[in-house]
Amino acid sequence: MIATESLSKRFPRVTALDRLTVDVGPGVTGLVGANGAGKSTLIKILLGLSPATEGRAEVLGLDVATKGATIRERVGYMPEHDCLPPDVSATEFVVHMARMSGLPPTAARERTADTLRHVGLYEERYRPIGGYSTGMKQRVKLAQALVHDPRLVFLDEPTNGLDPVGRDEMLGLIRRIHTDFGISVLVTSHLLGELERTCDHVVVIDGGKLLRASSTTDFTQNTTTLAIEVTDTDEHPDGTRAVRDALHARGVSVEDGSGLPGAGRVLLLTTTGEETYDLVRDVITDLGLGLVRMEQRRHHISEVFKDSDAERKEAVGHGN
Amino acid sequence: MATEQPTPAAAGDQTRIHNIGYRGYDGPRLGRAYARRSLYSQSLRGAYGLGRSAKTKVLPMLLFAVMCVPAGIMVAVAVATKADELPLRYTTYAVVMQAVISLYLASQAPQSVSRDLRFKTVPLYFSRPIETADYVRAKYAALTSALFVLTAVPLLVLYVGALLAKLDFTDQTKGFAQGLVSVALLSLLFAGVGLVVASVTPRRGFGIAAVIAVLTIPYGAVSTLQAIADVQDSSGAVPWIGLFSPITLIDGVQTAFLGATSGFPGGTGPSTAEGLVYVLVTLGLIAGSYGLLIRRYKKVGL
């Protein structure tokens, strides 16, 4: 979908991108970086709106330097900031944007109705945008990026300003853009937890450099931790302890989930594969306890940041 | 959003609406030129409030009516009194009605460009096939066309009325043609000036005031200076002073080349040589406005 090769962008005073080489395949890809890491600059270059200082980039197999207009016809873009006029309705606005993407009038109207429905705007789409909630505005912004059925969309901080429920809905929607609509997504965020749930791949950039690019599962699945919580019975007044002892007896190391909600009642163990789940189930059944919960606690992507920070500090230390 | 899931087609003859899930688009994508045309027609319609809320139609339609009514009255008078010429030349009409034209420009130029800047809609355009030049050309052409409609329709009313009053066909046609050239030039110049001012004043209200100021302050200054120069027996300076405001520029051009009577004090318009300077300055301003707009929009990208 996207391929860059030692892509650099230098401004008189700052280097926004520094020999960035990444390959992004189909699916949902998260682009992570702190503010000023070069995310927006990268999107600008990929849309063919800003020439790279050096290196090259391709989007959908088209060179950004020469085929910008063709790329922009097949790509959607949802900006981070507000971009909606308050005095027109969502329908009018999205129809206009569809025509700006080259859709004939009739198709523009049909696609607008479809797209607004898919992003979850129904009757309110005939009302002026000025009266919408932030969540609805984000949906309109998303709709205008999808209305021309692009093959790839760039979403710049789509969950900005949303409450937790709105955030979840938006993330679900982003997931569906790929699974149901068949459109690949490049989504930027500085909230790693979000990307972990929605993305197939994550690209981390920092200071214009590639920090890491791999699939989300690589980030989080190296070691899967299992959290379990059980009930107590008359036979085993401290169920948690009983399970721990039983598991110890079978050679599985178990930690207390100290520092987690429900500390003292939660056990953490490292899974070695499918058989661990069976083992836990059997142990608990044998003891006659009730299983309150058993959930995967994946390592968070943020730990990657911590690791890389540590590495960087180390490198700086060596440099001295 | 479980309702969005594709529903398996129900067996049998039930007439139910099925949610067929996401449909892709395989139809034509008409590209840049089409997008530019669409933006042009949307902006032109918008300049008269068409396709927008009822509130936005009031002012442009009112001003359009105000432009046309005097023409209608003049025609009625000419027909009723069986006059052998219209009370006013075609080329004079726009100069007389300049306040209305300025008001229209002040209300519609910000509407056309400032909204996109204020609400940051511009990046949405430029993330699509159209480019800076397409956007500027579409907006410029749309406002020019809107002004042309505003200024040429009253002339058409005069012309049709003149023919109904059985005035001399050749004379009237020539005058009408000269009038059309004059208002076309005026539309280009005013649209350019209005758009440049509006594109640097994204804030609501401020753009309107700025456009009015840019049109009226130079005109006031120029007329005053011309009057003083005329009284002080230095009427040679009058045409040169006229170069410094949009409406007197148009006045000078049409006096020199389009058979108009000058509105300058003393009625002395520019000579042919001076008129040439007027034409050059006018064309320079139009080109300059276009250049400034392109520069302005290069900066606002994403």
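**Cavity, interface and salt bridges**

Me: The largest cavity has a volume of about 60 Å³. What makes this space a cavity, and what does the volume stand for?
Reply: A cavity is a set of points on a 1 Å grid over the protein atoms alone where a 1.4 Å probe fits but cannot get out. Points are joined across faces, edges and corners, and the volume is the space filled by probe spheres set on them. The figure of about 60 Å³ is therefore a volume of probe spheres. The whole structure has three cavities of 30 Å³ or more.

Me: What kind of model is this?
Reply: The model is predicted, with local features requiring pLDDT of at least 70 and side-chain atom pairs pLDDT 80 or more, while totals for chains, interfaces and linings use all residues, and side-chain values use heavy atoms without hydrogens or water. Residues are numbered from 1 along each chain as its sequence is written, and chains are lettered from A and ligands numbered from 1 in the order written.

Me: Which residues line the largest cavity, and what classes do they fall in?
Reply: Lining residues have an atom within 4 Å of a point. Those of the largest cavity are Ile2(A), Thr4(A), Val22(A), Val24(A), Leu31(A), Leu42(A), Leu46(A), Leu186(A) and Val203(A). Eight are nonpolar, one is polar and none is charged; Val, Leu and Ile count as nonpolar, while Asp, Glu, Lys and Arg count as charged. Strand 1 (2-10) and helix 1 (39-46) of chain A each give at least two of the lining residues. Such elements are DSSP runs numbered from the N terminus: helices are H or I with at least four residues, strands E with at least two.

Me: How many residues make the contact between the chains, and what area is buried between chain A and chain B?
Reply: With contact meaning heavy atoms within 4.5 Å, 45 residues of chain A and 34 residues of chain B take part. About 3700 Å² is buried, 54% of it from carbon and sulfur atoms; this is the accessible area (1.4 Å probe) lost on putting the two parts together, summed over both. On the chain A side, Arg72(A), Glu73(A) and Met100(A) lose the most, together 17% of what that side buries.

Me: Why is the pair Arg72(A) and Glu131(B) called a salt bridge?
Reply: A side-chain nitrogen of Lys or Arg must lie within 4 Å of a carboxyl oxygen of Asp or Glu. The closest N and O atoms here are 3.3 Å apart, so the pair qualifies. Chain A and chain B share three salt bridges.

Me: What makes Glu157(A) and Lys39(A) a link between distant parts of the chain?
Reply: Their side chains form a salt bridge at 3.2 Å, N to O. Glu157(A) sits in the loop between strand 8 (152-156) and helix 6, Lys39(A) in helix 1, 118 residues apart. Phi of Glu157(A) is near 50°, a positive value in a residue other than glycine.

Definitions and conventions. On a 1 Å grid over the protein atoms alone, a cavity is a set of points where a 1.4 Å probe fits but cannot get out, and a pocket is an open set with protein on both sides within 12 Å along at least five of seven lines; lining residues have an atom within 4 Å of a point.
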